[in-house]
Amino acid sequence: MNEENDDPQIFIDDDLKEQASAGEVTETPIDDDALPPPPASFDGLISMLFTQAMAMLGQIPDPSTGKTTINKPYAKHFIDTMEMLGEKTKGNLSKDESKMLSEALHAMRMTYVSVRS
């Protein structure tokens with residue numbers, strides 16, 4: 001951040017920009033042995049939001065450091081996002097999807113209130 005004001009600053013890597021315009025930057029090739037991503041699904045979306053909330057509540061360690069951290073504002077963001085998703089999809093979910101959403105929200109809320117920041 002700039003010392004004169006608190007406005008966020010954008011920094012552009014001129015070397016990378018020049019390399020890209022010269023065609024020197026290439027896309028990373030796909031590893032033929034790597035598993036493809038799973039198909040997009042409602043269950044997958046719920047699982048991602050649940051996992052992120054639990055990580056922000058210190059229930060899942062950061063895979064790169066092995067340490068847990070607590071960030072309740074971000075956990076609340078993931079809980080609020082899942083609540084919004086539930087409202088927007090009300091009446092359009094299967095019985096199993098609705099149950100998964102409800103149970104995930106319940107577990108997230110209970111963990112949120114039990115975690116001290």
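Student: Quick one on L45. Buried, exposed or partly exposed?
Tutor: L45 counts as partly exposed, because its relative accessibility is 32%. The cut-offs are under 20% for buried and over 50% for exposed. Keep in mind that this is a predicted model.

Student: Which helix is L45 in?
Tutor: L45 belongs to helix α2.

Student: And how far is L45 from M82?
Tutor: Their C-alpha atoms are 9.2 Å apart in space. In sequence, 37 residues separate L45 and M82.

Student: Back to α2. At what angle do α2 and α4 cross?
Tutor: Roughly 5°, with the axes coming within 10 Å. Helix α2 covers residues 42–56.

Student: So are α2 and α4 parallel or antiparallel?
Tutor: Roughly parallel. The angle is roughly 5°, and angles under 35 degrees count as roughly parallel.

Student: Which residues meet there?
Tutor: From α2: F42, D43, I46, S47, L49, F50, A53 and M54. From α4: E97, M100, L101, A104, A107, M108 and T111.

Student: How many of those are nonpolar, polar and charged?
Tutor: The α2 contact with α4 has 11 nonpolar residues, 2 polar and 2 charged.

Student: T111 is on that list. Buried or exposed?
Tutor: T111 counts as buried, because its relative accessibility is 13%. T111 is part of helix α4.

Student: What does the T111 side chain reach?
Tutor: The backbone oxygen of A107, at 2.8 Å.

Student: And which residues does T111 touch, leaving out those up to four places away in sequence?
Tutor: M54, L57 and Q59.

Student: New topic. How do α3 and α4 pack?
Tutor: Helix α3 is residues 72–89 and helix α4 is residues 95–114. Their angle is about 155°, and the axes are 10 Å apart.

Student: What does that make them, roughly parallel or roughly antiparallel?
Tutor: α3 and α4 are roughly antiparallel to each other. The cut-off is an angle over 145 degrees.

Student: Left-handed or right-handed crossing?
Tutor: Left-handed, for α3 passing α4.

Student: Which residues make the contact?
Tutor: On α3, K72, A75, K76, F78, I79, M82, E83 and G86. On α4, L101, A104, L105, M108, R109 and Y112. M82, 9.2 Å from L45 by C-alpha atoms, is one of the α3 residues in this contact.

Student: How does that contact divide by class?
Tutor: Into 9 nonpolar, 1 polar and 4 charged residues.

Conventions:
Residues numbered from 1 in each chain as written. Predicted model: local features only at pLDDT ≥ 70, side-chain atom pairs only at ≥ 80, totals over all residues. Heavy atoms only, no water. Axes fitted to C-alpha atoms, helices over the stretch in contact; angles between N-to-C directions. Helix = DSSP H or I, 4+ residues; strand = E, 2+ residues; numbered from the N terminus. Parallel < 35°, antiparallel > 145°, perpendicular 65-115°, else oblique. Left-handed = near helix turned anticlockwise from the far one by under 90°. Contact = heavy atoms within 4.5 Å. Nonpolar A, V, L, I, M, F, W, Y, C, P; charged D, E, K, R; others polar. Buried < 20%, exposed > 50% of the residue type's maximum accessible area, 1.4 Å probe, protein only. Polar contact = N/O pair within 3.5 Å; in protein donor to acceptor, adjacent residues only side chain to side chain.
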